[in-house]
Amino acid sequence: MIQMENIAKSTTQHNSWDMSSSKRALLSVIVMVGAFMAILDTTVVDIIVPKLTGPLASDMYGVQWIITSYMISAAIALLITEYLIKRFGSKKIYILGVVLFTVASFFCGMSDTLFSIISFRVIEGAGEALIMVTSNIMIFSYFPPKKKGLAMGIFGLGVSFAPALGPTLGGYLSEYYGWRMVFFINVPVGILLTISAMAYLPKDIDFKKFKLNFISLLFLSIGTIALLIMLSKGQEKGWLNNSFIGLLLFTTIIGFLLYALSEICSKHKLIDFSLFKNADFTNGILLYFFIMGFSMYQYFYLLPVYYEHIKMLPTLDAGIAVFSFAIFIGFFAPVAGSLSDKIGAKRVLLISTVIYLLTSYLFLPMLNYYTPLFEAKLLTIPFGVAMGLFFAPATVLLLKNVPKEKGELAIVLMDYVRFVGGSFGTALATNNMEYFKNLNFQHMQDLQNPTYIYDYLHEIKNFAGISLDQAKAVFGGYETFMSYDYGFQNVFFHAAQWGAIGGIFVLLLFVKFRRVKS
């Protein structure tokens with residue numbers, strides 16, 4: 001009788017992808033729009049942060065906490081997302097994430113003080129973490145095995161395209177409607193998403209008992225928080241020359257060591273590291289960490305700065321210039337998904353990495369003040385192509401190399417290394433920019449002939465009708481600008497080297513590892 005009941009149950013159960021094409025499209029749009037909104041908000045807010053010093057009565061270092069608090073909250077919320085999904089189901093957690101994100105966005109827009117906007121950004125970051133993991137795992141489940149690549153291509157359209165679109169949208173909204181609209185625009189989208197998700201997303205039927213290791217969570221959270229603050233504030237404080245940064249480094253090390261000790265001694269692990277026994281999964285995480293986090297995130301940070309501070313474009317025009325390569329990200333993301341289904345995720349990753357390394361070594365370091373704007377846009381297009389081809393196969397590679405019940409954990413780990421790797425990448429970009437600017441400034445002064453400079457300054461003085469001190473200030477400003485310009489070329493090249501390290505793990509995907517018998 002029991003066997004007959006099991007057979008009857010198995011015949012009535014349906015796979016999660018057993019649905020019409022129209023329903024699959026509707027569900028994909030609902031979850032993809034949520035991910036798009038969450039990711040877009042990150043780079044949109046990055047654009048307006050420098051403009052908030054006046055309205056929020058703070059300095060530049062103060063308003064940077066608007067970004068830092070969001071990253072910290074999202075990273076910590078990621079660590080409990082697997083538990084929440086297994087306990088309550090993807091649908092409920094996705095809706096919870098959208099509600100938290102929408103409500104927090106509204107109150108961020110209403111904020112008049114730095115403390116209040118930082119507080120609501122913490123809630124917003126937690127909402128983003130819940131949205132990203134659930135939306136990724138849901139859209140992956142809506143497509144049959146032969147179309148998993150297409151699923152991630154569609155999802156990658158939002159995840160990869162949104163960060164590049166952020167500067168354009170942020171510049172437009174802040175210039176014509178004010179900085180508050182950057183947050184308010186999320187509210188109607190969030191309300192529509194909540195209603196749509198409640199009405200159309202399928203109910204979860206497979207719940208699992210999952211014990212959360214609170215001690216491991218506490219120690220890993222402490223280490224993560226200290227690490228992200230250190231990376232965010234290191235340049236401002238002078239890195240290890242500052243006692244506060246030294247304390248953060250010490251806290252980071254102790255937090256991660258205590259976490260490792262807790263995991264070793266506990267029966268219930270916070271993170272199942274047995275996933276890393278699979279070589280493809282391990283290489284996938286590492287290439288994602290280095291190529292996406294350490295390298296690509298540097299360019300996401302540097303290119304808008306290049307257009308705005310080197311090419312002297314207004315914020316909106318700088319955003320439009322960034323959009324010239326962003327549109328190729330959106331076009332090639334679904335293409336990468338389809339190619340992953342046809343020729344395999346590994347081959348698509350190899351193609352993406354080759355294009356990316358050629359672009360980052362040969363094309364992007366050519367950008368400088370004298371590069372015509374149209375030519376600068378053309379030089380960044382291959383970067384958009386490589387970025388569009390990257391996300392879908394990387395995600396497919398990870399999810400196809402873990403058991404189905406560990407899919408949530410795989411997405412959590414992928415997003416976690418994206419946050420941490422991206423923080424490292426941004427910190428490297430800011431630190432290297434300052435370092436190479438000073439280095440180039442010193443080189444310029446070493447090459448100068450004092451007699452010639454003295455005569456040249458007097459020519460400026462006589463021609464412009466200004467004092468000698470003013471002439472020195474003008475010339476000093478020019479030297480600083482040019483050292484900044486040359487510094488960008490150095491930083492672009494340096495970012496490419498991290499991509500090359502990630503390329504090693506791409507090549508390892510094609511190496512067959514054999515188990516050695518003892």
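**Exercise 1.** In this predicted model, determine which helices each supply at least two residues of the lining of the largest pocket, and which helix gives the largest share.

*Solution.* Step 1: The helices that each supply at least two lining residues are α2 (21-48), α3 (60-63), α4 (65-88), α7 (148-176), α10 (214-237), α12 (279-310), α16 (407-447) and α18 (468-508).
Step 1: The largest share, ten residues, comes from α16.
Step 2: By class, the lining is made up of 25 nonpolar, twelve polar and nine charged residues.

**Exercise 2.** State how much space lies in the largest pocket and which residues are the closest to its centre.

*Solution.* Step 1: The space in the largest pocket is about 1500 Å³.
Step 1: The lining has 46 residues, of which Q64, I67, Y301, T426 and T430 are the closest to the centre.

**Exercise 3.** Identify which residues form salt bridges with R121, and decide whether R121 is buried or exposed.

*Solution.* Step 1: One partner is D41, with the closest N and O atoms 2.9 Å apart. This pair links distant parts of the chain, as R121 is in helix α6 (residues 114-141) and D41 is in helix α2, 80 residues away.
Step 1: The side chain of E124 also meets that of R121 in a salt bridge, at 2.8 Å from N to O. E124 and R121 are separated by about one helical turn because they are three residues apart in helix α6.
Step 2: R121 and D41 are both buried, and E124 is buried as well.

Methods: Residues numbered from 1 in each chain as written. Predicted model: local features only at pLDDT ≥ 70, side-chain atom pairs only at ≥ 80, totals over all residues. Heavy atoms only, no water. 1 Å grid on protein atoms, 1.4 Å probe; cavity = no way out; pocket = protein on both sides within 12 Å on 5 of 7 lines; lining within 4 Å. Points joined across faces, edges and corners; volume = space filled by probe spheres on them. Helix = DSSP H or I, 4+ residues; strand = E, 2+ residues; numbered from the N terminus. Nonpolar A, V, L, I, M, F, W, Y, C, P; charged D, E, K, R; others polar. Salt bridge = Lys/Arg side-chain N within 4 Å of Asp/Glu carboxyl O. Buried < 20%, exposed > 50% of the residue type's maximum accessible area, 1.4 Å probe, protein only.
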